[in-house]
Amino acid sequence: MNESKMIWKIEPSQKAENVHLLYIYDDVSATGKFNWNTWEYDDSETSAKYFREELAKISSGSEIELHINSNGGSVKEGTAIYNQLVQHESTKTGYVDGVSHSVAFLILQACDKRIMGLGTSALIHNMWMQCEGNASQLRKYADDLDAMMESNRKVFLKRATITEEELMELMEVETYLTPQQCLEYGLIDEISGEADQNSINQLN
């Protein structure tokens, strides 16, 4: 039974030439790690620039499978990736393979179909930034964060089944969500493997 499930999952990507796999398997960042040999930062495969280049290779009408296992990262980069995916004329299916935390979960919302695997998790929270300055400058930073958060929430509210007030409460306390909670809140569309698990439980 497990073997047939594995074949069913893999074969479509092997047969369909217009299916393209993309991965966010690290923190979302504009740059990679610092290379002590070159004294420069390596290119990042989770940057908006990298995704722009990869999406440019994918023709309109194709299918994209986006796989996510990321703790999040740069809001600037993640928001740009989200909008690039939304603008690309393709069918997009997003899979959470491990964790989809912070801005990585926002990126998932760009997909037409959002799927979380069993044992995975999501994290939603308010943004934070490192800053310095005098009292008036620090107050402005707080106002800036409020404006950015208002914009950020609109992404989730496009398809969420909870109110903005409920979403704000969840973000305020930094909430980890199970796949079932995400499904109930309208933040994903499907939990992969759940039907198989229910069948096994019924047999037992």
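E77 and K76 form a salt bridge, with their closest N and O atoms 2.5 Å apart. A salt bridge here is a side-chain nitrogen of Lys or Arg within 4 Å of a carboxyl oxygen of Asp or Glu. E77 is buried, at a relative accessible area of 8%. K76 counts as exposed, at 59% relative accessibility. The cut-offs are under 20% relative accessible area for buried, over 50% for exposed, and partly exposed in between (1.4 Å probe, protein chains only). The structure holds 9 salt bridges.

## Model and confidence

This is a predicted model: local features need pLDDT of at least 70, side-chain atom pairs count only at pLDDT 80 or more, and totals for chains, interfaces and linings use all residues. Residues are numbered from 1 along each chain as its sequence is written, and side-chain values use heavy atoms, leaving out hydrogens and water.

The mean pLDDT is 88, and 87% of the residues reach 70 or more. pLDDT is the predictor's confidence in each residue, from 0 to 100. Over residues 1-15 the pLDDT is below 50, and this stretch has 6 contacts beyond near neighbours in sequence. Over residues 199-204 the pLDDT is also below 50. A contact means heavy atoms within 4.5 Å.

## Overall fold

The protein has 8 helices and 9 strands. Both are DSSP runs, numbered from the N terminus: helices are H or I with at least four residues, strands are E with at least two. Of the 204 residues, 38% count as buried. Take the contacts between residues at least 6 apart in sequence: 64% of them join residues at least 24 apart.

The protein exposes about 12500 Å². Carbon and sulfur atoms supply 49% of that area. Accessible areas come from the Shrake-Rupley method with a 1.4 Å probe; for residues, only the protein chains shown count as cover.

## The D189 network

R114, R159 and D189 are linked in a network of salt bridges. D189 meets R114 at 3.0 Å, N to O. This pair links distant parts of the chain, 75 residues apart: D189 lies in the loop between α7 (179-184) and β9 (190-192), R114 in strand β6 (residues 113-117). D189 is partly exposed, at 36% relative accessibility. R114 is buried, with a relative accessible area of 2%.

D189 also meets R159, at 3.3 Å, N to O. Here the partners are 30 residues apart, and R159 sits in the loop between α5 (135-157) and α6 (164-172). R159 counts as partly exposed, at 31% relative accessibility.

## The buried side of α2

Helix α2 (residues 48-56) has the buried residues A48, F51, E54 and L55. They cover an arc of only 125° around the axis, so they lie on the same side of α2. The arc is that of the directions from the helix axis to the C-beta atoms. These buried residues pack against β1 (19-24), β4 (63-70) and α3 (75-87).

## A nonpolar surface patch

L21, Y23 and Y25 form a nonpolar patch on the surface. Together they have about 310 Å² of accessible area. Patches are made of residues with over 30% relative accessible area and no salt bridge; like charges are joined within 9 Å, nonpolar side chains (Val, Leu, Ile, Met, Phe, Trp, Tyr) within 5 Å. Y25 lies in the loop between β1 and β2 (34-35). Y25 is partly exposed, with a relative accessible area of 46%.
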